[in-house]
Amino acid sequence: MTTLRDITRRATIVAAALIVGLTASYAPSQAAEGEARTTITDHPGAPGAMLQQFEDLTGRPVGDLDKVLAVDTGGRTLTGDQLEALVAGKEVDGVKVVGTIPGSRDVLGTTMADLADGAYDGSGDSGTATSLLFSSSTPDGREWCLTMCVASGKTIWQCLLSRRTGDLILTLELAGSTTVGETKAAFEKANGVAVDGPYTVDTLIGDGEPSADEIKMLLDGKDVESMRRVATVDGPDPGWALADIAEKSGVVYAKTKGHLFSLNLPILGKILVFCVSQDGGKTWKCSAKKWGGF
């Protein structure tokens, strides 16, 4: 992202003398659940440097900064849903929003401490927030990500690139002769990003095609009323045809058959692909959340 990179470069030059003697200014890592984390020492330009580090770490743009929320979490760690609710202007029990700051180039060039009081005013002495929530969006506005930074001591902030919302659902129509490997390759080509797996495939059966909301729930790893899991196979053969998976899983007949594949994408973690057929396996409608975001 050119804007962040330019701002970070300018801020680094201005702050070079101030950073001398500081330690632990940059320590990126990958969290156990596949989320990207980094630790940064506060200095002029820290917000912009932090977002740039995430961009370098993930290899994907994090977008343009929309706003920053200074929040008092009461010492709690917030979930992705809670972060999303706060950005949407909703209340979260036990969390106090100290202030909201519109995103700008100047905000990226200031310090974390300056933003901790909920205002961009050049003063960081009266900060009451324990966390800063950065909300950024890609240029087309269809995807956005949340970054939560938690104060750890006077100058150290631990930041987590939490999640991307506004997921796009990509759907492909495939023939029953399409193999597991070819299905994976089709989604990789559509997204422009390679994934590992599939590691498992669940077979689901039902009396009718699941609704769009139910498909989204399945892709989120949730159960739905219209279909139930009846078999799971670890390490499915890439050469299996979609039409043959149910039989190879021990499922003989069902009006509606579905297969839920579990794959893995570095940084983002687990990715699910759901395929459903209502004509005996001759044609399949396969769906997945667009995973080219990061």
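Is T203 buried or exposed? T203 is buried, at a relative accessible area of 0%, where buried means under 20% relative accessible area, exposed means over 50%, and partly exposed is in between (1.4 Å probe, protein chains only). Before going further, know that this is a predicted model, so local features need pLDDT of at least 70 and side-chain atom pairs count only at pLDDT 80 or more, while totals for chains, interfaces and linings use all residues. Residues are numbered from 1 along each chain as its sequence is written, and side-chain values use heavy atoms, with hydrogens and water left out.

**The chain as a whole**

- You'll find 8 helices and 13 strands in the chain; these are DSSP runs, numbered from the N terminus (helices are H or I with at least four residues, strands are E with at least two).
- Of the 294 residues in the chain, 48% are buried.
- Take the contacts (heavy atoms within 4.5 Å) between residues at least 6 apart in sequence: 62% of them join residues at least 24 apart.
- The accessible surface comes to about 14000 Å², and carbon and sulfur atoms hold 50% of that; the areas come from the Shrake-Rupley method with a 1.4 Å probe, and for residues only the protein chains shown count as cover.

**The disulfides**

- There are 2 disulfides in the structure, a disulfide being a pair of cysteine sulfur atoms within 2.5 Å.
- One of them links C149 and C159, with an S to S distance of 2.1 Å. C149 sits in strand β6 (residues 144–152) and C159 in strand β7 (residues 156–165), so this link ties together parts that are 10 residues apart in sequence.
- The torsion about the S-S bond of C149 and C159 is about 115°, so this disulfide is right-handed. C149 and C159 are both buried.
- C275 and C286 form a disulfide too, with their sulfur atoms 2.1 Å apart. Here C275 belongs to strand β12 (residues 269–277) and C286 to strand β13 (residues 283–289), so the pair ties together parts that are 11 residues apart in sequence.
- The link of C275 and C286 is right-handed, with 115° about the S-S bond. C275 is buried at a relative accessible area of 0%, and C286 counts as buried at 0% relative accessibility.
- Number the bonded cysteines of the chain in sequence order and the pairing reads 1-2, 3-4.

**The open sheet and its helices**

- Look for an open sheet of 6 strands with antiparallel pairing, in the order β8-β13-β12-β11-β9-β10; two strands pair if DSSP finds at least two bridges between them.
- At the edges are β8 (169–175) and β10, each of which pairs on one side only.
- On average, neighbouring strands of this sheet are turned by 25° against each other, direction ignored. For angles like this, axes are lines fitted to C-alpha atoms (for helices, over the stretch in contact), and angles run from 0 to 180 degrees between N-to-C directions.
- Strand β11 (residues 256–265) pairs with β12 in the antiparallel sense over 9 bridges. F261 has V273, in β12, as its bridge partner.
- Helix α6 (residues 180–191) lies across β8, β9, β11, β12 and β13, and runs at about 140° to β8.
- Helix α7 lies across β8, β9, β11, β12 and β13, and runs at about 140° to β12.

- T203 is in strand β9 (residues 196–206). Its side chain makes a polar contact of 3.2 Å with the side chain of H259; a polar contact is a pair of N or O atoms within 3.5 Å, and within protein one must be able to donate a hydrogen and the other to accept it, while residues adjacent in sequence count only if both atoms are side-chain atoms.
- Leaving aside neighbours within four places in sequence, T203 has contacts that include R229, V230, I245 and H259.
- D223 lies in the loop between α7 (212–219) and β10 (227–234), and D223 is exposed, with a relative accessible area of 57%.
- Beyond its neighbours within four places in sequence, D223 is in contact with M217 and R229. The side chains of D223 and R229 are joined by a polar contact of 2.3 Å.
- K216 is in helix α7 and counts as partly exposed, at 38% relative accessibility. K216 and K289 are 73 residues apart in sequence, and their C-alpha atoms are 8.3 Å apart in space.
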